[in-house]
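Hello,

Here is the structure I promised to pass on. Please have a look, and then read on for what turned up.

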Amino acid sequence: MDEPSLLTSWTLDPLQLAPIVLAAIAYGVRARTLRRRGTPVPLWRILLFTLGIAPLLLALASPIAAIGEEELFSFHMLQHVLIGDLAPLCLLGGLTGPLLRPLLAIRPIERLRVLANPAVALPIWAVNLYLWHVPFLYENAVQHSAVHALEHACFFTAGLIVWLPVLETLPAPEWFGTGAKLAYIAVVRVVETVLGNVFVWSGTVFYAIYDRGDELWGISPLQDQGLAGAVMMIEGSIVTIAALSWLFLRLAAEGELRQELLERGHDPRAVRRAVRYGRAQELNRPR
C-alpha cells in the first residue's frame, strides 16, 4: 500500500462535511435575521465562528485524517485536538444568547444549561478524554468507522462542554467568576498534561495498530507516540497561555470597575452581580 501523502490524501466525505455546512448555514441565517431586527451579531463573533469551521475541515477532510487513521498516532492526536479543543473553543466564542434563543426555547435543550456548571463540565470532559484513550476503545475507533464517528462526536461535545463555563455562552453559576475560571483552566490543563506525559515518557507502544515494527517518514512507533503526547501538551499550552492572559486582563478590568461602582455608592451586592455578568451599565441608568 502506498504511503499517505500530504498533497493527495484528501477526503471529501459528504456524511462528515454535511453537518459542518448545515451548522454554518444555520448560523448565517440566524445572524441575518438578528441583523434585520436591529440586533446584529458583532463582527468579531462571526469571524470567530468562521474560524472554528476551519479546524473541523482540516481534521475531517485533510491528509491529517488519512494519515492519523491509517499510519501515525501523532497525526491522529492532532486531529483530536482540532476536533475536541480548537474548533469547540472558536465556535462557542462565536455564539451569543440571541443566536441560540430558538434552540433554547426547546425544553430538552434548555435543560442543558446545567452543563455550564464547572462541577458538571470538568468531570464529563476528563472522563471522556481518558476513556477514549483506553487501548480497547481507541483501537476499535480506528478500525470501525461507526465507533470512530462516535469518538469524534464525543470529543467535540466534550470540548464544547469544557469551554462552556469559561466563555459562558450559557450563564455559569454566580460563584464561578474570573478568578475561579483561572483555577478551572489550570486544572483542565493539568488533567490533559498528565495524559500527554504518559505518552511522551512511556517506553511501551500502547496501541498495537500503530506498532508496525518499522518506521514511517523516519519516525518509529515509539517516537510517534511521544510526538502525539507532545502535540497534546503544546496545543494545550498555547491555548492555556492565551486563555489565562485574557482572564488576567479581565480580572484587572473587573477590579477597576468594581471599585468605581462602589465609589459611586451602589449596593455592594448589586455591584458584585453587575461586574460578574457584565451588566454595569444597568446600574448607571436613571431611575
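Is F199 buried or exposed? F199 is buried, at a relative accessible area of 1%, where buried means under 20%, exposed over 50% and partly exposed in between, with a 1.4 Å probe and protein chains only.

A word on the basis: this is a predicted model, in which local features need pLDDT of at least 70, side-chain atom pairs count only at pLDDT 80 or more, and totals for chains, interfaces and linings use all residues. Residues are numbered from 1 along each chain as its sequence is written, and side-chain values use heavy atoms, leaving out hydrogens and water.

Now the rings. Those of Phe, Tyr and Trp (its six-membered ring) pair if their centres lie within 6.5 Å; planes under 30 degrees apart are stacked, over 60 edge-to-face, and the rest tilted. That rule gives 12 aromatic pairs. One of them joins F199 and F206 edge-to-face, with 5.8 Å from centre to centre and 65 degrees between the planes. F206 is partly exposed, at 32% relative accessibility. Ring pairs also connect F73, Y138, F199, F206, Y207 and Y210 into a cluster.

D224 is buried, at 0% relative accessibility. Neighbours within four places in sequence aside, D224 contacts E71, L72, F73, S74 and I219, contact meaning heavy atoms within 4.5 Å.

Finally, E168 sits in the loop between α9 (145-167) and α10 (178-201). Its phi is near 55 degrees, a positive value in a non-glycine residue. E168 is buried, at 17% relative accessible area.

Best wishes

How values were computed: Helices (H or I, at least four residues) and strands (E, at least two) are DSSP runs, numbered from the N terminus.
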